[in-house]
Amino acid sequence: MVRKSWVLPAMAFVLLAGSGFALPGDAAADEAALAALQAQLPGKLMNDPTVLDWTVYGQGQKNKRVKTPGIGGGAALQVTSPVASDAAHNIGVNVPLKAGFTPGQAITVAFWARTVSADTPDGKGKLGLRLQLNEAPYSGFGDTMLAIGPEWKMYEAKAQASISVDPGKAVLGFQVAAAKQVVEIGQIFVLDMGMKAMAAAPGGGGGATAIRMPVPERLPGVLLNDPASIDWPVYGAGQTNAKVQTPDIGGGYAMRISSPVANEKPYNIGVSVPLVTAIAADRDITVAFWARTVSADTPDGMGRIGLRMQENAAPYAGFGDGMLSVGPDWKLHQVKMRSSMALDAGKGVLGFQIAGAKQVVEIGQVYVLDLTK
């Protein structure tokens, strides 16, 4: 049986701050109309909003296309979940994207939806969203669960890409199994709103990209570095780095560093955090720093970050060598060490070593403290 392909008209719209999307009129569903639509969008279109040829999966689900003359596009996909599941992704809809993902990319998803029926306390449907790789291990980001009412409405969700996915391998996934329900999803717009990451100045210097972060009061011990600064030198062949906003963790910013390959010498790619105060021998030092792994080609998916207190000149004598496994969630890591040598003021650094794995990691605010009693 030949499956009928539904083509929807492209809808011109503009993004209004605080008021969602306005849809002023229709346009023909052809390349000229899409080009005209793209010219009005607040970002770059990542999907084709004129088609409903999406992939639906899941045991027991039913789906069909329905006409929706009262909402944008004039048609929708109706999906039925026969039971509620703790795994919302057991039934889903995958919307193919023409573009891929780049870490730091800001993405807005806008779509029409309504709930036909839902066995939930408030009668509203539960619709999950996730932007992801469309093959194992199905890495993704932007997980959101929305309550969908019975009236047609344009819903909006925003996310920041934390992984790299090649064009043709990315999808917007809708997760439907969170409730026993019948929901309808109409026209969809996935928009690339640009990069949130700010390129670091050469050598991690200041200039236009200099950032000053708030520092907590009453830190324990004696502070040995400047935790308000993220202008750290980054070095190593093939590495890339950028300063990114991290509103959920201390300081609000982090340094993202990528290592293109794993190396037996982790220090071949590194970050040097300057020490502004001298360190005497036989002192109890604690290093506390925020970090997370964006992606890592390791058996457990955890990133590998080494650290070492050392002189910032040959022969780079130092102490406190360690290697940490860093997970995908932001965490304040703490490492204790005993200084086996003195480091003069302005001549010592805390070195983070990144080349131990093919990975992308982010290091946020750093505190180097002398806690000797």
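Two strands pair if DSSP finds at least two bridges between them, and the legends below, which describe a predicted model, begin with strands joined in this way.

**View 1. Strand β7 and its partners, β4 and β12**. Strand β4, which covers residues 55-57, runs antiparallel to β7 and is joined to it by three bridges. Within this pairing, Tyr 57 has Gly 92 of β7 as its bridge partner. Strand β12, made up of residues 170-175, also runs antiparallel to β7, and five bridges join the two; here Asn 94 stands opposite Gly 173 of β12. Because four of the five residues of β7 (residues 92-96) are buried, this strand is largely enclosed by the rest of the structure.

**View 2. The largest nonpolar core, with Phe 174 among its members**. In soluble globular proteins, nonpolar side chains tend to be buried together. The largest nonpolar core of this model holds 38 residues, and those touching the most other members are Phe 101, Phe 111, Leu 131, Leu 172, Phe 174, Ile 188 and Val 190. At least two residues of this core are supplied by each of β6 (75-81), β7, β8 (105-118), β9 (125-133), β10 (140-148), β11 (153-160), β12 and β13 (181-195). When residues up to four places away in sequence are not counted, the contacts of Phe 174 include Ile 91, Gly 92, Val 93 and Val 95, together with Phe 111, Leu 127, Ile 185 and Ile 188.

**View 3. The largest pocket and its lining**. The largest pocket contains about 720 Å³ of space. Its lining is formed by 29 residues, and Ile 163, Ser 164, Ser 295, Ala 296 and Val 360 are the ones that lie nearest the centre of the pocket. Two or more lining residues come from each of β17 (240-245), β18 (253-259), β20 (284-296) and β25 (359-370), with β20 giving the largest share, four residues. By residue class, the lining of this pocket comprises 12 nonpolar, 11 polar and six charged residues.

**View 4. Asp 329 in the loop between β22 and β23**. The loop that holds Asp 329 lies between β22 (318-326) and β23 (331-338). Asp 329 counts as exposed because its relative accessibility is 61%, where exposed means over 50%. Leaving aside residues up to four places away in sequence, Asp 329 touches Ala 291 and Arg 292. Thr 293 is 36 residues from Asp 329 in sequence, while the C-alpha atoms of the two are 7.3 Å apart in space.

Methods. Residues numbered from 1 in each chain as written. Predicted model: local features only at pLDDT ≥ 70, side-chain atom pairs only at ≥ 80, totals over all residues. Heavy atoms only, no water. 1 Å grid on protein atoms, 1.4 Å probe; cavity = no way out; pocket = protein on both sides within 12 Å on 5 of 7 lines; lining within 4 Å. Points joined across faces, edges and corners; volume = space filled by probe spheres on them. Nonpolar A, V, L, I, M, F, W, Y, C, P; charged D, E, K, R; others polar. Buried < 20%, exposed > 50% of the residue type's maximum accessible area, 1.4 Å probe, protein only. Contact = heavy atoms within 4.5 Å. Core = buried A, V, L, I, M, F, W, Y, C linked by side-chain atoms within 4.5 Å.
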